[in-house]
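Here are a few friendly notes to read alongside the model. Please keep the structure open as you go through them.

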Amino acid sequence: MMNRETNGPGTSERRGAAALFSKFPLRKMIPVITLALLLSASIALSSSFLTPMNIFNLLRQNAGLAIVSMGMLMVILTGGIDLSVGSMVALGAVLVATFSTTMGLPVLLSIVLTTMLLMVLGACAAYFVSFRRMAPFVVTLAVMTVARGAAFMISQGKPINLKPTNPLIRFGKGSFLNLPQTQSQQTFFAVPYPVWAALAVFVVVMLVLRYTSFGRLIRAVGSNESAVRLSGIRVGAYKFSVYVLSAGCCALGGVISASRAAVGSAQFGEGLELDAIAAVVIGGASLTGGSGTALNTLMGVLILGLIGNIMNLMNIPSYPQQIIKGAIIILAALLQSSKRKDTL
Amino acid sequence: MGLDTYRIEMEDVVKSFGGIHALGGVTFRAKAGEIHALVGENGAGKSTLMKILSGAYQKDAGIIRIDGKEVDISTPKRGRELGIGIVYQEFELAPDITVAENIFLDKLSHSFGVVNWKELHRRAKEIIDSLGFHINPQTVTGDLPVASQQIVEIAKALAFHAKILILDEPTAVLSDNEVAKLFETLIKLKSAGVCIIYISHRMQEIFQIADTITTLRDGSVTGSMPREAAKIDDIIELMIGGRLGAMFPKRDVTLGEEVLRVENLSGPPKFSDVSFSLRRGEVLGIAGLVGSGRTEVLRAVFGGDGRQSGQVWLRGQAIHIRTPHTGVRHGIALVPENRKDQGLVIDKPISENMTMAALRKVLGALGVILFQKEDALAKDLCGRLSVKAGDVRDSVNSLSGGNQQKVVLAKWFNTECDVILLDEPTRGVDVGAKTEIYRLINEFAAEGLGVVFVSSEMPEIIGMCDRALVMAKGAVMGQLKKEDLSEANILRLAVGGGVQ
């Protein structure tokens with residue numbers, strides 16, 4: 001707790017003395033620094049790292065996570081948590097595959113229907129969290145198993161293959177400005193479509209969080225819900241909407257997963273919720289709500305992705321990879337928390 | 001005990017926080033068996049000095065001696081071992097565990113997980129009884145009224161036989177008869193040889209109980225004298241350095257039509273059958289002891305507590321308010337009791353807090369915040385309310401208590417409210433800021449708002465209100481007109497008697 005006695009008279013004095021430090025506080029810089037260090041290490045450790053193919057594979061693989069993490073960030077900003085995202089992605093993938101293949105609907109319509117259905121499911125979770133005041137952890141845990149179960153039921157336990165002519169496949173595997181078709185000639189101009197989608201979601205979330213009343217209020221709700229409520233703001237509506245938006249992000253993540261693999265499977269997104277939470281936390285957001293930015297979360301996603309990528313390039317087997325990943329998450333979180341003590 | 005033996009000697013203590021001098025060489029001495037009042041405005045350095053003494057902060061320079069021996073109080077634990085107990089202004093109790101567990105929290109962690117509960121409860125009861133209060137040590141702490149929690153805090157500080165007891169604004173949440181009880185306890189402790197350091201803004205209490213008074217201003221001691229030699233005006237002068245204005249500014253407002261009428265409002269079990277009416281330009285006080293249901297009545301009118309029975313008329317129309325959102329939409333504003341928990345989003349900028357209730361005014365298309373407009377608005381409010389802030393984008397945390405409270409008030413300046421409900425708006429605020437808050441209340445009234453003013457400080461009610469209700473045990477005991485407002489009359493009603 002800040003000590004009231006210290007900050008009355010001399011606040012402006014401090015601003016002069018430590019202006020430089022307060023402009024770039026170390027805590028806020030940690031994601032950038034970590035990312036820069038990891039990038040340099042990757043470039044140094046593997047010659048095949050800095051090739052268009054590897055970079056775009058890395059980004060393409062993480063596009064879904066990036067989108068889901070943006071939804072997760074908004075939920076976490078309100079002080080909540082969404083454990084259902086992994087299963088929701090699977091359900092999204094299965095739904096879009098069913099609509100566009102089994103039922104033969106147009107792709108765009110399939111995507112819209114998938115998104116709407118997931119948002120309805122998200123709204124159910126949102127209702128219990130914001131209007132029945134249930135713990136987000138419990139509610140989204142329940143939705144997690146419901147969504148996974150639904151995905152298995154709809155797909156009857158089998159992956160649903162997309163037809164080779166399905167435009168989704170071109171979306172998942174292709175890229176914008178990809179004039180030469182051979183992979184060896186791929187350039188850095190050929191940004192894959194899923195990466196564009198992730199970028200678009202990121203930009204929208206960033207702008208919303210930074211410049212709109214919605215962004216401000218969901219943060220404020222996470223900081224002090226009762227003060228916001230007593231200012232006459234419908235806290236419930238804001239809490240409600242973040243879960244719905246998170247579900248929407250999951251739908252998009254599911255579509256991307258299906259399009260990349262050319263298949264919709266109920267086994268997609270296992271453990272994705274943990275990666276998304278890790279990305280948000282590595283990006284310096286507080287799990288109790290109130291602070292965190294889209295840019296830092298994106299960096300969190302890239303940090304996680306880079307760790308995996310470089311270990312793959314170095315031929316580290318996947319089980320030790322998980323341990324190393326865990327250690328890095330702890331380290332990142334530790335750095336953030338040790339900085340918070342400055343305030344005392 | 002000789003004249004020159006001090007229990008505590010702090011010499012030339014210096015402390016700064018990131019370049020700000022909180023304490024610039026403070027020398028403070030207190031004897032065993034005395035009640036030593038430490039007074040000063042918020043930001044004067046009282047709490048910092050006491051946190052250094054208790055081990056919560058480390059001094060940058062200076063010497064601390066206890067009973068003549070130089071000591072190094074490196075941690076709060078070391079402080080406790082040296083017999084220093086401190087009760088902070090903000091409660092530090094864990095709300096979900098029992099009273100006894102809170103009192104012995106420290107010891108619980110040292111007994112290898114095996115606890116003799118019977119013994120623990122017995123000893124907790126003993127300590128509370130010795131304070132002259134009756135609280136069941138097995139009650140969950142959070143279920144107790146605030147005043148009882150304060151007693152638990154003190155019991156906790158005494159649990160390890162403290163020989164120095166530091167109390168930071170201990171009476172802020174206590175009603176008058178609870179204060180009287182607390183004072184009896186303090187006098188008992190004093191005669192047992194405990195050195196009590198008493199931080200307070202309430203001059204009356206200080207003159208009632210202190211043996212010695214030391215004043216702090218801007219991190220330095222400006223005076224120290226026995227109570228018999230002190231005059232209240234001198235003390236205030238030493239505290240604020242000649243900045244004392246009129247305590248209760250005069251208000252000259254003709255009352256308008258009725259703006260709010262409340263009939264038979266009940267919110268069991270906290271209050272029942274409350275009726276009153278309020279006119280434009282009127283300041284209606286609600287006096288009463290802590291826990292008499294005042295806060296709950298305000299919250300019910302505002303919509304903070306959901307369902308209740310009764311009828312509320314606003315501007316002559318019957319309204320049903322179930323949530324704060326509808327309350328605000330109808331033009332009712334609330335300044336809640338606890339600014340840190342309910343009034344402010346403390347880690348967010350001043351500007352953000354100021355516009356929270358009227359965000360619409362600074363929004364452009366698509367809900368985009370017009371930051372320049374917001375900053376200008378916030379700066380204007382800082383000027384009008386004399387909020388001393390560096391930058392409106394600084395967090396509210398960086399402000400002193402009085403300035404924080406002004407930010408809570410500022411929040412409602414841009415809303416079109418007709419009624420403003422103030423719950424203890426001057427709690428924990430220094431003398432200067434109090435006067436400014438009174439001025440703002442008058443400004444609200446002058447603009448034609450109806451003001452409801454809940455306060456535990458009777459001089460405030462008497463000085464500020466046109467009329468006052470007195471509540472006790474959830475019911476309105478009576479109504480006092482301006483000319484009948486006196487401490488004696490309020491008190492008589494508050495304890496359940498009639499007006500003479």
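1. A residue counts as buried if 20 or more other C-beta atoms lie within 10 Å of its own, exposed if 12 or fewer, and partly exposed in between, with C-beta atoms placed from the backbone. M206(A) has 18 other C-beta atoms within 10 Å and is therefore partly exposed.

2. This is a predicted model, in which local features need pLDDT of at least 70 and side-chain atom pairs count only at pLDDT 80 or more, while totals for chains, interfaces and linings use all residues. Residues are numbered from 1 along each chain as its sequence is written, and chains are lettered from A and ligands numbered from 1 in the order in which they are written.

3. M206(A) sits in helix α10 (residues 193-211) of chain A; helices here are DSSP runs of H or I, at least four residues, numbered from the N terminus. Setting aside neighbours within four places in sequence, M206(A) contacts A294(A) and L295(A) (C-beta atoms, placed from the backbone, within 7 Å). From I76(A), M206(A) is 130 residues away in sequence and 15 Å away in space, C-alpha to C-alpha.

4. Do look at chain A's helices α6 (residues 85-102) and α13 (residues 235-261), which pack at about 55° with axes 7 Å apart.

5. In chain B, helix α10 (residues 294-302) is mostly covered, with nine of its nine residues buried; among them are R294(B), E296(B) and F302(B). Just after α10(B), G303(B) adopts a positive phi of about 95°.

Notes
Axes are lines fitted to C-alpha atoms, for helices over the stretch in contact, and angles run from 0 to 180 degrees between N-to-C directions. Helices (H or I, at least four residues) and strands (E, at least two) are DSSP runs, numbered from the N terminus. Two residues are in contact if their C-beta atoms, placed from the backbone, lie within 7 Å.
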